[in-house]
Amino acid sequence: MVVRGLGLPVRFILTAGQKGDAPQAAALIEGLPARVVMADAAYDAGHLREVIADKGAIAVIPSNPSRARKYPLDKPLYAQRHLVECCFSRLKQFRRVATRFEKTARNYLAVLHLAATILWIR
């Protein structure tokens, strides 16, 4: 999920539960203007850092502990990543999102879009 500076959802991609999040990250930020891209250590991949640099943005991603080359981390800026977690929490306050009543991915994505729209209206 991509979240705006105020913690409102901008874009999300629904994937299968066994798929990783990092392979979808480049597609998520494609075409979006950004000066800073924040993510957790699971997104620490060279190709993603290159995509972010090509956008002219700063990557605020902690280095994976197993990575040989460590990247510097702006800790005060990284502290703002809580807005993404808050957005997930607000979306999960909608019962149909939290319990996933929908049987198909298409319907669940529609419910996510509706919930995100309601967050924007508030």
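Guide: Gladly. The secondary structure of this protein comes to 6 helices and 4 strands. Keep in mind that the model is predicted.

Visitor: In what order do the elements of the protein run from the N terminus on?

Guide: The order is β-β-α-β-α-β-α-α-α-α. The C-alpha atoms fill a box of roughly 45 × 30 × 25 Å along the principal axes.

Visitor: Why is R49 called buried?

Guide: Its relative accessibility is 10%. Buried means under 20%. The value for R49 is 10%, so R49 counts as buried.

Visitor: Where does R49 lie, and which residues does R49 touch?

Guide: R49 lies in helix α2, residues 46–54. Leaving out residues up to four places away in sequence, R49 touches D44, A59, I61, P62, S63, R67 and Y71.

Visitor: What makes those residues count as touching?

Guide: Contact means heavy atoms within 4.5 Å. R49 is in contact with each residue in that list, from D44 to Y71.

Visitor: Which residues in α2 are buried?

Guide: L48, R49 and I52 are buried in α2. Seen down the axis of α2, its buried residues fall within an arc of 100°, so they line one face of the helix.

Visitor: Which exposed residues does the face of α2 turned away from its buried side carry?

Guide: That face carries E50 and D54. Exposed means over 50% relative accessible area.

Visitor: What covers the buried residues of α2?

Guide: The cover includes α1 (22–29), β3 (36–38) and β4 (58–60). After α2 comes G56, with a positive phi near 80°.

Visitor: How do you know whether R81 is buried or exposed?

Guide: Set its value against the cut-off. R81 has a relative accessible area of 18%. Buried means under 20%, so R81 is buried.

Visitor: Where does R81 lie, and with which residues is R81 in contact?

Guide: R81 lies in the loop between α3 (75–78) and α4 (82–91). Its contacts are M38, A39 and D40, leaving aside neighbours within four places in sequence.

Visitor: How many positive and negative side chains does the protein have?

Guide: There are 19 positive and 9 negative side chains. The centres of the two sets lie 8 Å apart.

Visitor: And what about the protein as a whole?

Guide: Buried residues make up 31% of its 122 residues. The accessible surface comes to about 8100 Å², and 57% of that belongs to carbon and sulfur atoms.

How values were computed: Residues are numbered from 1 along each chain as its sequence is written. This is a predicted model: local features need pLDDT of at least 70, side-chain atom pairs count only at pLDDT 80 or more; totals for chains, interfaces and linings use all residues. Side-chain values use heavy atoms; hydrogens and water are left out. Helices (H or I, at least four residues) and strands (E, at least two) are DSSP runs, numbered from the N terminus. Buried means under 20% relative accessible area, exposed over 50%, partly exposed in between (1.4 Å probe, protein chains only). Accessible areas come from the Shrake-Rupley method with a 1.4 Å probe; for residues, only the protein chains shown count as cover. Lys and Arg count as positive and Asp and Glu as negative; His and the chain ends are not counted. The place of a charge is taken as NZ of Lys, CZ of Arg, CG of Asp or CD of Glu. The arc is that of the directions from the helix axis to the C-beta atoms.
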